[in-house]
Amino acid sequence: MESVHFILAGRFGGLMRIILIDLILHKTRAYRHLLFNKLHIGSSIDKGILCQFILMHIVLDAFRISVSKNNKADGDSSRNTLSTICNCSEVLGDALLGNIIFTAMLLLGVRYILKFSFDITRYRQILLAIIISSYFKLFLLTMMVWEFPSSAIFIVETFVLSSNVVALRVVTRFPKAHCVGVCFMAHAAKHLTERWLMWTP
């Protein structure tokens, strides 16, 4: 009996590795399988799950912004506890505002570029698909253990952008050019907002 469980676990692990590789390679069938078969994104979405994904997305963005700011701070290690707390709240605020701008531009693009009628359930599905397809942001956590050049953040963000395009195509079934336009507009607005906040005293 234990051997049967071991074999099934091995096959399941192998299947998950194949799906992960296909996701990294931007295979549309892998995204379709993950979003519709595993997460059942076409059915009703639990608001709690959506909120959890959004929170995790904001925290990862806050970590990315913190890394960018530390790279520009020339390694100033003389901060006291109060300034550290203020810096954390500032970073979280920047990440929150950046994601609000990103979400607004994304939904505006879906509404006016993809010509989607306003349907809160459908928009919620699109938002969840975009957040889930940003899974490569988890790679940023490795910067807590290993040192990477600042260009690694740009590579991660570029990969997230391309992954968002694939997820948007799968959910909306619109041509790639339209989805690239929507995602690029949202990411550009978010990037400009974060740059402005970073350089604002």
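The paragraphs below lead from the overall fold of this predicted model to its helix packing and then to its salt bridges.

Because the model is predicted, local features are reported at a pLDDT of at least 70 and side-chain atom pairs count only at pLDDT 80 or more, whereas totals for chains, interfaces and linings use all residues. Residues are numbered from 1 along each chain as its sequence is written, and side-chain values use heavy atoms, with hydrogens and water left out.

The protein contains 7 helices and 0 strands, where helices (H or I, at least four residues) and strands (E, at least two) are DSSP runs numbered from the N terminus. Read from the N terminus on, the order of elements is α-α-α-α-α-α-α. Of the 201 residues, 36% count as buried, a term that stands for under 20% relative accessible area, with exposed meaning over 50% and partly exposed the range in between, as computed with a 1.4 Å probe on protein chains only. Among contacts with a separation of 6 or more, residues 24 or more positions apart account for 74%, contact being defined as heavy atoms within 4.5 Å.

Two packed helices are described by the angle between their axes and the distance between the axes. The axes used here are lines fitted to C-alpha atoms, for helices over the stretch in contact, and the angles run from 0 to 180 degrees between N-to-C directions. For helix H2 (residues 28-38) and helix H6 (residues 151-172), the axes come within 9 Å and cross at roughly 65°. That angle makes H2 roughly perpendicular to H6, given that angles under 35 degrees count as roughly parallel, over 145 as roughly antiparallel, 65 to 115 as roughly perpendicular and the rest as oblique. H2 passes H6 in a right-handed crossing; a crossing is right-handed if the near helix is turned clockwise from the far one by less than a right angle, and left-handed if anticlockwise. On the H2 side of this contact are Thr28, Tyr31, Arg32, Leu35 and Phe36, which meet Ser163, Val166, Ala167, Val170 and Val171 in H6. By class, the contact has 7 nonpolar, 2 polar and 1 charged residues, where Ala, Val, Leu, Ile, Met, Phe, Trp, Tyr, Cys and Pro count as nonpolar, Asp, Glu, Lys and Arg as charged, and the others, Gly among them, as polar.

H6 also packs against H7, and here the axes come within 9 Å and cross at roughly 135°, which makes H6 oblique to H7. This crossing is right-handed. From H6, the residues Glu157, Val160, Leu161, Asn164, Val165, Leu168, Arg169 and Thr172 meet Lys176, Cys179, Val180, Val182, Cys183, Phe184 and His187 in H7, and by class this contact has 9 nonpolar, 3 polar and 3 charged residues. In the loop between H6 and H7 lies Arg173, which has a positive phi of about 60° although it is not a glycine. With a relative accessibility of 75%, Arg173 counts as exposed.

The charged side chains provide a further set of links. A search of the whole structure finds 6 salt bridges, each being a side-chain nitrogen of Lys or Arg within 4 Å of a carboxyl oxygen of Asp or Glu. In one of them Asp61 pairs with Lys190, with the closest N and O atoms 2.5 Å apart. Asp61 lies in helix H3 (residues 47-72) and Lys190 in helix H7 (residues 176-199), so this pair ties together parts that are 129 residues apart in sequence. Asp61 and Lys190 are both buried.

Another salt bridge joins Glu194 to Arg64, whose closest N and O atoms are 2.9 Å apart, and it links distant parts of the chain, with Glu194 in helix H7 and Arg64 in helix H3, 130 residues apart. Both residues are buried, Glu194 with a relative accessible area of 6%. Leaving aside residues up to four places away in sequence, Glu194 touches Arg64 and Ile65.

A salt bridge also forms between Glu157 and Lys137, the closest N and O atoms being 3.1 Å apart. Glu157 lies in helix H6 and Lys137 in the loop between helix H5 (120-132) and H6, so the pair ties together parts that are 20 residues apart in sequence. Glu157 is buried at a relative accessible area of 17%, and Lys137 counts as buried at 1% relative accessibility. Asp61, Arg64, Lys137, Glu157, Lys190 and Glu194 are linked in a network of salt bridges.
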